Amino acid sequence: AFDVLVVGGGPAGAAAAIYAARKGIRTGVAAERFGGQVLDTLGIENFISVKETEGPKLAAALEQHVKDYDVDIMNLQRATALVPAATPGGLIEVKLENGASLRSKSVIISTGARWRSMNVPGEAEYRNKGVAYCPHCDGPLFKGKRVAVIGGGNSGVEAAIDLAGIVAHVTLIEFDSKLRADAVLQTKLRSLPNVTILMSAQTTEVHGDGQKVNGLSYKDRNSGELRRVDLEGIFVQIGLLPNSDWLKGTVELSPRGEVIVDSHGQTSVPGVFAAGDVTTVPYKQIIIAMGEGAKASLGAFDHLIRSSVT
Ligand code: FAD
């Protein structure tokens, strides 16, 4: 059995594993795809102290750093269920898709999240070539350019307000006949001179020149007409889905499906900690996920030295 079993191998999981291994305790990492969302990222310019890097490069560095320690890395392993310890301080079980089970005195959940995509032609083709999901990450790349934000919930409207301060023009596109964002955000958005709001508009296609995005088409849901907007960037803000399905019914989740953690990364299940995009901690970023991973790992270590199992 492990002392600490980390489930998920993104920035949060890698940080958690390194912090645990440095305590000299038995540490394992089970991950479906080591590197996580970082593998899908092109340029990264906000990982502090590294001016500029690329996703696959950072993912390789994460794995290399973990491998410097005595950590049992189990890649291509998908967790399907968590079984809390039968007795206080007992072993927690993590079931894997391949039928095997792993047992550990403490578990750190770091299974991350995924952006909901529009699923329209051109979106996948132009991902990282104008189609973006993170305004904090990619906003500055569109300085002085025209962008659209897809989605009129809080995250879409926040993104539009944020981007309006950087780019030349923002078109906010909402499927519904009204915005769902908080009133105060809507008021702020409507006060901005370089923002156009389109409602009852369904994005139907992302256009590009083969290299990068140059426009999008949407259907006016009132008239049924198809229209085109010329632009250089599209920020899709229609939801971030935590990878927490496998925890339903065992670990307390928020209404959005995020794992609820306290200030030490502890979940509702004793000995089970969580970190990164899968949790309720706001602002989903690499540097935040790493910090949270380190914190959850120290929380788990604290738990271990206080519990009676040896
Ligand atoms: P993830 O990176 O999502 O890793 C989750 C891990 O868990 C993966 O190893 C995954 O395979 C594994 N996993 C999932 N489910 C299971 C399961 N059931 N069993 C086992 N393993 C499982 N952030 C920045 O700070 N700067 C940027 O420039 C930036 N650009 C981005 C660009 C794109 C296109 C995307 C998608 C995200 C970007 N982000 C950026 C956000 C950043 O990537 C995330 O905040 C960060 O990766 C979260 O780390 P994490 O470890 O919590 O989760």
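Are phenylalanine 142 and phenylalanine 235 buried or exposed? Both are buried, where buried means under 20% relative accessible area, exposed over 50% and partly exposed in between (1.4 Å probe, protein chains only). The model is predicted: local features need pLDDT of at least 70, side-chain atom pairs count only at pLDDT 80 or more, and totals for chains, interfaces and linings use all residues. Residues are numbered from 1 along each chain as its sequence is written, and side-chain values use heavy atoms, with hydrogens and water left out.

**View 1. An aromatic pair: phenylalanine 142 and phenylalanine 235.** The structure holds 2 aromatic pairs. In this one the ring centres of phenylalanine 142 and phenylalanine 235 are 5.4 Å apart and the planes meet at 75°, so the pair is edge-to-face. Rings of Phe, Tyr and Trp (its six-membered ring) pair if their centres lie within 6.5 Å; planes under 30 degrees apart count as stacked, over 60 as edge-to-face and the rest as tilted. The pair links distant parts of the chain, 93 residues apart. Phenylalanine 142 is in the loop between α3 (135-138) and β11 (146-150). Phenylalanine 235 is in strand β17 (residues 233-236). Helices (H or I, at least four residues) and strands (E, at least two) are DSSP runs, numbered from the N terminus.

**View 2. A charge over a ring: arginine 221 and phenylalanine 175.** The charged end of arginine 221 sits over the ring of phenylalanine 175. It lies 3.7 Å from the ring centre. The criterion: NZ of Lys or CZ of Arg is within 6 Å of the ring centre and within 35 degrees of the ring normal.

**View 3. The shell around the ligand.** The ligand is surrounded by 35 residues, each with a heavy atom within 4 Å of it. The closest are Arg33, Gln37, Asn46, Ala79 and Ile286. By class, the shell has 13 nonpolar, 15 polar and 7 charged residues. Ala, Val, Leu, Ile, Met, Phe, Trp, Tyr, Cys and Pro count as nonpolar, Asp, Glu, Lys and Arg as charged, and the others, Gly among them, as polar. At least two shell residues come from each of α1 (11-21), β3 (43-44), β9 (113-115) and α6 (286-306).

View 4. For aspartate 277, a backbone N or O atom is 2.9 Å from an oxygen atom of the ligand. For glutamate 32, a backbone N or O atom is 3.1 Å from a ligand nitrogen atom. Taken alone the ligand exposes 1000 Å², and the protein buries 96% of that. Areas come from the Shrake-Rupley method with a 1.4 Å probe; for residues, only the protein chains shown count as cover. A polar contact is a pair of N or O atoms within 3.5 Å; within protein, one must be able to donate a hydrogen and the other to accept it, and residues adjacent in sequence count only if both atoms are side-chain atoms.

**View 5. Two serines that reach backbone oxygens: serine 106 and serine 307.** Serine 106 is in strand β8 (residues 101-109). Its relative accessibility is 0%, so serine 106 counts as buried. The serine 106 side chain reaches the backbone oxygen of aspartate 3 at 2.7 Å. Serine 307 lies in the segment after α6. Serine 307 is also buried, with a relative accessible area of 17%. A polar atom of the serine 307 side chain lies 3.2 Å from the backbone oxygen of leucine 304.

View 6. With a relative accessible area of 68%, asparagine 119 is exposed. Asparagine 128 is partly exposed at 34% relative accessibility.

**View 7. Glycine 9 in the loop between β1 (2-7) and α1.** At 6% relative accessibility, glycine 9 counts as buried. Glycine 9 and alanine 59 are 50 residues apart in sequence. Their C-alpha atoms are 9.4 Å apart in space.
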